[in-house]
Amino acid sequence: MSGSSLERLDAQLFLAFCSILATKPEAIESLLAKIIPLSKLGQLRFNQPSNLLRMNLERIAQYAQQITTQELESQSLNTAELSDDVEDLLLWTTHEYSVQLPDEEDAVKTAAALEADYAQRSKSIGYTSCETYASFVMAKIIQLSRYTSDLEQYDFLARTVQGNESFLAWYHGIFAPYNNFKRSYGVILGDTAAFDFLSRQSYSDKLDFFIKPYTAAVEKNHIAFNPPKIFSEVLLPVALYYGGDLSPLLEWVYTERKHPSWLSRLSTFQSTTESILKFTDYQGQGLSDESIAGFVSNYIALVYYFALYGESSVSSVDVSRAYDMIDNSVTVLIELLDVTSSGGTLLSEDVDLDNLPEYHSFTDFVSSHANPLKSLFRSDTKRCLAFLKNAIATCCQVFPVNGLTVSKYLKLSQTGSTDQESVKKEVLRVLAHLESSNYEKLLHSVKLISSSFIKGDKSLEGELDHIIFERLLGVGLFANATEFYQNTPSLSVNQAFDVLLKKFKYEFDEATNLDERTGHLNQAHECVNLLSTLGSSENLDEASRTQIVKLKHLLKAISSLKNFKLSLDGRGSAKPSEVLTKITRTEDDEQFTPFSIVSHVLEQNPKSYHAFEKLYRIVNDLAIYLGIDVSHVPFARIQSACIESALIDNNFTFAYKHSKMLFDQHAADNNFSINEYWLTFYQTAKYIAPEWFNDEDILVEKKKLDVYLKQRELLFLTLKLTKPSSSTTDNSRLILTQLKQKEREIDSVFDHLGSYSESNTQMQTEPSVLQIPENAGRLLNEASKTASKTTSHASDKLSNLFVSGLGWAIGANRRDLNT
């Protein structure tokens, strides 16, 4: 059979099938079972799968997958065989279903016209490729969308398609976004049929379907403006389906609109930008760098627009919060874009930040080609992000403590290397709030300022390190200052010494008491402790080492003085500075000024003479501070002053004991001169106890005798051991007079004791009372043994001593004494 005969038979079968489908749809299953095998051969013009699928979408839908399934082994038939099979099927169909067919001459024309009509109908709903099941399902969904706004009910149908990338792209880029929008914003769509969206062909038309009603609802305050949600669920999938062009979305989202606050505005565009960068499609693919560059650039521009044009209308608290928010966002953007650039300077020094153009809206600011700041957001995206990160991270840390804004940062980034004073000012403003709780945070802030503006200026870096060290000491963070010094090579040991010495002097002068455990004096001690650490450095000059030793001894003396009551002005407790003034003044007659402090201590502390060794150490430490040779510090003088203080305190025993110690020192040290202490011995010899007055008690008389004998001993030793000098003659006359008086007093006591009746009291002179120390000499011993004799007899014995041994002291001879 010829090909033309096959075409006519094919046309008649096609017409018969269409007729049965229209009039007896229940019979379609048995008929399709016979037609589908022939159609899959691909040798028939009219009864091919694409035409079968176009006949009636609703009736044919359940067989679509069967129609489109390709047989693994499909054998072609020759024309004769195929014609026979078609003719047999046609005869069976007409007989089985009583179908009236046109004659063979009209069948081909009629079938061709019907085929064209089906094709046109399919095209009207976007169904043009009919070779696959996927294309059929797509057409079916589009057809159904004419009658409903809810496509989710057909999601099951879409999911029956497997392995067709084109359909999957359509499903995730068109079908799913519509469902997401309907689910979230269905109220603003109303009953609009889904076909209105699916039938739109262009990208812009597709976007308008969502954007226009959404924008209208936002303007009417029916919904909140929340780009991240509609972007990730609706708009970005559609954009990616059409190639990833985000420019229409960029224009729409940055359209000027009202925002509750600057914080809200920044937060909205921060989250929008982040959602775009984080977005991935159903295959895990994100948008290209080229696609997202506009959004990133606009967000950066918005940050600068806020910093330069919006901050003035925002409270400082909100500025700080905005900086934190921006810093977090930029960090995320840098990670998402894998930015590794350090962010060099982007702003030319020619830009006058104090006289920027006026921009009445962000749109004007970001779109102006004449904007002098455009290099901050229109340069390479990664460089812009890196620079913004440096700026915002610095301001984020520093603004709360010194008010460093992005605007100030930009100015310093232009002139930091030349305007060193401005950089120092910012650092000082940061360090003005320094304390132990924020030490690390503020030092980090200073490092941010340094790294941002110094630009390798070693001299300025050294100055800032000096400022930091000085400030750490200023607030008493000595441990941190020590750590900082040890980790800062630019800070020399001599520089550190000068700063510490200055700090020490301030704290020492400000101290209000002598207790080093608290207050300013404690700070002064901390300074010296750190100075001692510096002293171990071989680079410290010798003069500074000596100064450290002196300061340590000064503080040691002050620490010892705190145990005594001491006032140097008569109004209150002594201050360290007053002690220092007292020992360094030169207008007093006292040449050895440290001794003046001891005099005040003894005067104001009646029992302090017992601590004569501690007093000596105080004088010794003060002498070292003053640079006086310690070998010249007279311990004897301290002892002499303590003797006098003991006499005032009515403690003759102490005075006598330590007077004898002075004589012992004279005996042991040939260089020790006893001459200058004659007055101490003289005063000890004149001591009179208060209880001696108007008291005739025998015990008191015994005590008096014991004291008198010791006083006479001291007077003898003074006369005997004093060496001749230009001033000793007058002194010796006084001592001699006192010695005579003491003899009379001794005789008087003996007479008094002898006058007692033996019946009332028996005088027993105890050995300890009458014993005369051996070192008083032979004559003194003789005088004691004959103490009961007359005063004139005792005086003769003394006269012999003076003339024979000490006549030089008074320029006398025997005759002079007897007259």
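Which residue does E470 form a salt bridge with? I looked it up: the partner is K502, and the closest N and O atoms are 3.5 Å apart. E470 lies in helix α23 (residues 458–474) and K502 in helix α25 (residues 493–510), so this pair ties together parts 32 residues apart in sequence. For my own reference, a salt bridge means a side-chain nitrogen of Lys or Arg within 4 Å of a carboxyl oxygen of Asp or Glu. Helices here are DSSP runs (H or I, at least four residues), numbered from the N terminus.

A note on the source: I am working from a predicted model, where local features need pLDDT of at least 70, side-chain atom pairs count only at pLDDT 80 or more, and totals for chains, interfaces and linings use all residues. Residues are numbered from 1 along each chain as its sequence is written, and side-chain values use heavy atoms, with hydrogens and water left out.

Next I checked accessibility. E470 is partly exposed at 30% relative accessibility, while K502 is exposed at 55%. The cut-offs for relative accessible area are under 20% for buried, over 50% for exposed, and in between for partly exposed (1.4 Å probe, protein chains only).

Then I moved to D354, which forms a salt bridge with K411, closest N and O atoms 2.6 Å apart. D354 sits in the loop between α16 (316–337) and α17 (362–367), and K411 in helix α20 (residues 406–415), 57 residues apart. I noted D354 as exposed at 55% and K411 as partly exposed at 31%.

Last, I searched the whole structure and found 25 salt bridges. I also jotted down a network of salt bridges linking E421, K424 and E463.

Key:
Helix = DSSP H or I, 4+ residues; strand = E, 2+ residues; numbered from the N terminus.
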